[in-house]
Amino acid sequence: MTEKRFAGKSVIVTGAGNGLGRAYAEAFAAEGASVTVADIDLSAAREAARAIEGSAPVGVDVADEESVASMVATAVGRFGGVDVLINNAGLHMGQYNLTSTLPLADWRRLFDVNVFGAALCARHSRDAMVSRGGGVILNQSSNSSYLGGGAYSVSKLALNGLTLSLAREFAQDGIRVLGIAPGMIASEAVLERLEDTSKQRILGEQLIRRFGRAEDLVGMALLLCSDDASFVTGQTVTVDGGFIKRV
Ligand SMILES: NC(=O)c1ccc[n+]([C@@H]2O[C@H](COP(=O)([O-])OP(=O)(O)OC[C@H]3O[C@@H](n4cnc5c(N)ncnc54)[C@H](O)[C@@H]3O)[C@@H](O)[C@H]2O)c1
């Protein structure tokens, strides 16, 4: 029997109580990892962790430095260190599509979570990765970072910049830093919210004419965090069926 790809590894996934984060947590656990299921919604984290063998739930607000330090301490205490950090937690409600009228407090919260939150989680995981001889940080971006789609997309473009900056700083410690920029992933909630014309417009722009699925992201995340990608760092990989076209 072949050994599972992440056997013996300790993986933190933020925003893992719901949606894509939960899918990442399940996938890494299925590949043998011990997963810290971290979410601001502790009851969602607990519920997800109950269903994921060998995982531990933790409540965290990624925008709060003390809370982040405590999340990493929990992962280290429980699983002996950190090998992989998936910075998935993010704010993305429709209200963040506005730029000119979005209240400043909302801009700040958006950046606190989507950008500074990822930076804090990375900063606090660094030593825990060094103690394991290196690691991987994966930032969950969005293809809207390239589309000028409002405050949300501005925050995700900043996140892509953070990915490269951290890759430069952490390379000396054997830590690779990468991003994934998904297009629209058609969870039931997303499909329900979206009007038919928007769905057709998105499919019409994609070269691969089907909706993206969580499995499409999971496969890429497992690859990027594995040794098969050991010579890749600093990049944000677009996973959107060819919606964004650039050479
Ligand atoms: N769903 C998509 O189509 C899509 C496309 C591109 C990018 N993304 C990105 O993927 C990520 C997950 O999206 P989703 O659709 O699964 O969203 P979701 O809302 O279903 O899940 C996000 C999770 O993050 C948690 N969270 C929010 N703020 C937090 C904080 N401050 N600290 C800790 N946890 C926090 C929430 O409680 C929730 O469990 C986000 O970063 C989003 O921007 C999603």
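## Charges over aromatic rings

The charged end of Lys-245 lies over the ring of Phe-243, at 5.8 Å from the ring centre. In a second case, the charged end of Arg-246 is placed over the ring of Tyr-146, 4.2 Å from its centre. A charge counts as sitting over a ring if NZ of Lys or CZ of Arg is within 6 Å of the ring centre and within 35 degrees of the ring normal.

## Basis of the model

The model is predicted: local features need pLDDT of at least 70 and side-chain atom pairs count only at pLDDT 80 or more, whereas totals for chains, interfaces and linings use all residues. Residues are numbered from 1 along each chain as its sequence is written, and side-chain values use heavy atoms, with hydrogens and water left out.

## Aromatic pairs

Three aromatic pairs are found in a search of the whole structure. Trp-107 and Phe-111 form a tilted pair, 6.1 Å centre to centre with 35° between the planes. Rings of Phe, Tyr and Trp (its six-membered ring) pair if their centres lie within 6.5 Å; planes under 30 degrees apart count as stacked, over 60 as edge-to-face and the rest as tilted. Trp-107 and Phe-111 are separated by about one helical turn because they are four residues apart in helix α4; a helix here is a DSSP run (H or I, at least four residues), numbered from the N terminus.

Phe-111 also forms a tilted pair with Phe-116, at 6.4 Å centre to centre and 55° between the planes. Phe-111 is buried, with a relative accessible area of 17%, while Phe-116 is partly exposed at 44% (buried means under 20%, exposed over 50%, partly exposed in between; 1.4 Å probe, protein chains only). Trp-107, Phe-111 and Phe-116 form one aromatic cluster.

## Pockets

The largest pocket holds about 1500 Å³ of space. A pocket is an open set of points on a 1 Å grid over the protein atoms alone, where a 1.4 Å probe fits, with protein on both sides within 12 Å along at least five of seven lines; lining residues have an atom within 4 Å of a point. Its lining comprises 44 residues, with His-92, Met-93, Tyr-152, Val-190 and Arg-193 nearest the centre. Helices α1 (19–30), α4 (104–130), α5 (151–170), α6 (188–193) and α7 (196–205) each contribute at least two lining residues.

The second largest pocket has about 320 Å³ of space. Among the 17 residues lining this pocket, Lys-9, Val-136, Cys-225, Ser-226 and Asp-227 are the closest to its centre.

Notes:
Grid points are joined across faces, edges and corners, and a volume is the space filled by probe spheres set on the points.
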